[in-house]
Amino acid sequence: MKIADALEIFSQTDAGLVRAHNEDSVACEPICGLVVLADGMGGYNAGEVASGIAVSVVATEIKHHLQNASPIGRDEATGEELGVSLLRNFIQKANVSIFHASQSQPQYAGMGTTIVSGLFYDNRVAVGHVGDSRMYRLRGEMMEAITRDHSLLQEQIDGGIISAADARFSKNKNLVTRAVGIAAEVEPEVHVHDVMTGDIYLLCSDGLNDMVEDEDIQSVLYAMQGNLPLAAEQLVQMAKDNGGRDNVSVILVKVKGQFAVPRSWREKLFGWLTLRNI
Amino acid sequence: MAAKLILSMDGAVIKEYPLNKDRMTIGRHAHNDIVIDNLAVSGEHAAVVTILHDSFLEDLDSTNGLAVNGTPTKKHFLQNNDLIEIGKYKLKYLNDQVSQTSPADFEKTMVLRPPPKPAAPKMEKPIEPVSPAPVASDQTSRFVQPPPVASAQVAAVATPPQPAKPAPQEPAHRAAAVQVLTGPNAGKELDLVKNLTTLGKPGLQVAVLTRRPNGYFITYVEGEHYPLVNGTALGNQPHQLNDHDVIELAGVKMEFYFKG
């Protein structure tokens, strides 16, 4: 199945009830199986600028590169799979663009953004993220976060200073330890996960998961998996019902079928020969 | 304003201690930050570690131990109004940080500098000393100074002042339930205790009942037929339920009603 047919994608973004601006940005490129979400920070409209640059650099550049290349190819410079290196390289490129803008324009000084992006190809998803925007996966009835926040709180949980259950009472939320655009370099975290038909992936800004318990997010995804626009609307609505203190953005991706990259007869033969030799 | 501990015995306040250091010790010996000169208290009895706005209490293997809100504990994540008991002495923990600042400032995502070290911070030394931040502060960006208790530097950019809004309370929901009227499950009652209750089976025919601050709503999700409320088919919009509304889904009738 072609990637555009195998995935159903829906996104929604909302300023929430308190903020005057929406500093979140989202982009979906169904034709190449790419989704990107960023939550910007910075005064006046700098947050929007930062998240806007990040999303457009990553979405446009990766789409452009995949016109003439396959994500399962190899990156000659690093030996990595192209899907993985594209995500990493273009998050880094977005970092440089934002950092330069903030250095050269005083009104943008100090702006930055979190980012989470997923590139679906060959029955897998490469997930790249920086900061505390998350990706969750619903498989069957079970939902789990497949990114781990780059935040002070997560480091405290990892260090055993505070338990995951206590973390929701912490007053140190919203302190990220990594962000795109605040320094000359950034190290995105990139992992590849296998994808199964029926999976639902949720990308969200912290305006959702700070306001809505994971358990409620799970029940929405599970109950409304047959109607993604309604699920997205319901998630945003719940964040607002609980106070809506931040911008809230969601991207939902439903896997409707297999999307293995077709191999040429030569590759199949080599694959078969390799298997025989084992 | 920093969080503080108020030392008292038999209801009489002895002294207030602002938590203005990363780590404050409590004990009988004079070198402690909070000295309690009583033989039931160990030389170094306990420590309070503060990381930005959060404080953690730790028993330093004291002889007689300590309790928080009546429960003996070794380590505890302090919450506003917690009462620490050491022998006959009581220490009340007060941290009204959030209520004193506009929540807008608090919700704002901020970047901690410098970029993280791979190792998680240790209890004794919560955050690595800060190396010079690569970006200098200037007129247009306001760097929020962390409270004096923390060694971390927090950088954030000014937001236009926003009206302070009280933190949302857990909304007081009026209890409600649905009772099945027809079919094999007739008579069964389902309390609506969750924010979202599913009727039907995902993939086939689904409607959800959602609990919101302003009441209960039914929403059509998927399936061949739209559910009926009092005989009228629902559209695609959520529909607010009134007491004793009759819902019909896939041929099964059920009644919605408020309890109590």
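Biologist: How does α2(A) pass α3(A), in a left-handed or a right-handed crossing?
Modeller: In this predicted model, α2(A) passes α3(A) in a right-handed crossing.

Biologist: Which residues of α2(A) and α3(A) meet?
Modeller: From α2(A), A50(A), I53(A), A54(A), V57(A), V58(A), E61(A), I62(A) and H65(A) take part. They meet L86(A), F90(A), I91(A), K93(A), A94(A), S97(A), I98(A) and A101(A) in α3(A).

Biologist: How do the residues of that contact divide into nonpolar, polar and charged?
Modeller: There are 12 nonpolar, 2 polar and 2 charged residues in the contact of α2(A) with α3(A).

Biologist: And at what angle do the axes cross?
Modeller: At roughly 140 degrees, and the axes come within 9 Å. Here α2 covers residues 46-66 of chain A and α3 covers residues 82-104 of chain A. The two helices are therefore oblique to each other, since only angles over 145 count as roughly antiparallel.

Biologist: Switching to chain B. How many helices and strands are there?
Modeller: Chain B has 2 helices and 23 strands. Of its 260 residues, 30% are buried.

Biologist: What is the strand order in the open sheet of 6 strands?
Modeller: The order is β2-β1-β11-β10-β7-β8 in chain B, with antiparallel pairing.

Biologist: Which are the edge strands?
Modeller: β2 (12-18) and β8 (71-72) of chain B, each of which pairs on one side only.

Biologist: How many bridges join β10 to β11 in chain B?
Modeller: 4 bridges, between residues 83-86 of β10 and residues 89-94 of β11 in chain B, and the two strands run antiparallel.

Biologist: What stands opposite I86(B)?
Modeller: Y89(B), in β11(B).

Note on methods: Residues numbered from 1 in each chain as written. Chains lettered and ligands numbered in written order. Predicted model: local features only at pLDDT ≥ 70, side-chain atom pairs only at ≥ 80, totals over all residues. Axes fitted to C-alpha atoms, helices over the stretch in contact; angles between N-to-C directions. Parallel < 35°, antiparallel > 145°, perpendicular 65-115°, else oblique. Left-handed = near helix turned anticlockwise from the far one by under 90°. Contact = placed C-beta atoms within 7 Å. Nonpolar A, V, L, I, M, F, W, Y, C, P; charged D, E, K, R; others polar. Buried ≥ 20, exposed ≤ 12 C-beta atoms within 10 Å, placed from the backbone. Pairing = 2+ DSSP bridges.
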